[in-house]
Amino acid sequence: MTRVAIVPVLLVVALLIAALLQRRRRTDAPTQPAWSVPVQLDRNDFTSPEFPWLVVLFSSATCDTCSAMADKIRVLASPHVAVEVAEIAQRPDLHRRYAIDAVPTTVVAGTDGVVVAHWVGPVSATDLWAGVAAARGGTDLPDCGSG
C-alpha cells in the first residue's frame, strides 16, 4: 500500500522538476537578417575606374527609396568621385557578383576597390556626404555602415 502512495508523489515531483527545467530554458532570439555588403569591388566593373573614389548605388526600378537615393548620390559626382547606379534589371551581373540581397545598398570604394563606407537602406544626404567626405579626407568614418 505504501508503494501505491509513493508512485503519485514521485510522479508529481517529476512533473514539478520538468516544469522548472522547462522554465529555465531560454528561447533563442529570432535570427536577424544580415545583409550582404561587398568589402571590395573590381573598379573595372564600373565607369571611370581611374577616378580616386567610386560611389555605387545598387538599386531596383521597383524601389521608391532607391530613386531618392539615386538623386542623392548623383550630386556627389565630380572629377574625383565617380558615381554609378547599378539597377538590378540593367546590371544583374553586378548584383550577383557582389551578392547584393537588399536595395538600396550604397558603397564607397577607393582606387583599390576597397569599400570604406556602406549603407543598406535609405540614408540621409547629410550622412552620405559626410561619409564620402570622411573617406576622401582619410579621416575616421562616422558610424555609417550597417549590416
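This is a predicted model: local features need pLDDT of at least 70, side-chain atom pairs count only at pLDDT 80 or more; totals for chains, interfaces and linings use all residues.
Is Glu84 buried or exposed? Glu84 is buried, because its relative accessible area is 9%, where buried means under 20%, exposed over 50% and partly exposed in between, with a 1.4 Å probe and protein chains only.

Residues are numbered from 1 along each chain as its sequence is written, and side-chain values use heavy atoms, with hydrogens and water left out.

I begin with the sheet. Four strands form an open sheet in the order E2-E1-E3-E4, and the pairing is mixed. Helices (H or I, at least four residues) and strands (E, at least two) are DSSP runs, numbered from the N terminus, and two strands pair if DSSP finds at least two bridges between them. The edges are held by strand E2 (81-87) and strand E4 (115-120); each has a single partner strand, so one side of each is left without a neighbour in the sheet. On average, neighbouring strands of this sheet are turned by 15 degrees against each other, direction ignored. Axes here are lines fitted to C-alpha atoms, for helices over the stretch in contact, and angles run from 0 to 180 degrees between N-to-C directions.

In general, strands of a sheet pair through backbone hydrogen bonds, either parallel or antiparallel. E1 and E2 pair in the parallel sense, over seven bridges. Strand E1 (residues 53-59) and strand E3 (residues 105-109) run antiparallel and are joined by five bridges. Val56 shows both pairings: its bridge partner in E2 is Glu84, and its bridge partner in E3 is Val107. As for cover, five of the seven residues of E2 are buried.

Next, what lies across the sheet. Helix H4 (residues 125-137) lies across E1, E2, E3 and E4, and runs at about 170 degrees to E4. Thr106, in strand E3, counts as buried because its relative accessibility is 0%. Apart from neighbours within four places in sequence, its contacts (heavy atoms within 4.5 Å) include Val56, Met69, Ile73, Trp119 and Leu128.

I turn to charged pairs. The whole structure has five salt bridges, a salt bridge being a side-chain nitrogen of Lys or Arg within 4 Å of a carboxyl oxygen of Asp or Glu. One of them joins Glu84 to Arg91, with the closest N and O atoms 3.3 Å apart. Arg91 is partly exposed, at 24% relative accessible area.

Asp42, Asp45 and Arg97 are linked in a network of salt bridges. Between Arg97 and Asp42, the closest N and O atoms are 3.8 Å apart. This pair links distant parts of the chain, 55 residues apart: Arg97 in helix H3 (residues 92-97) and Asp42 in the loop between H1 and E1. Between Arg97 and Asp45, the corresponding distance is 2.8 Å, and Asp45 also belongs to the loop between H1 and E1, 52 residues from Arg97. Asp42 is partly exposed at 30% relative accessibility, whereas Asp45 is buried at 16%.

Finally, helix H1 (residues 2-24) contains Val9, which counts as exposed at 51% relative accessibility.
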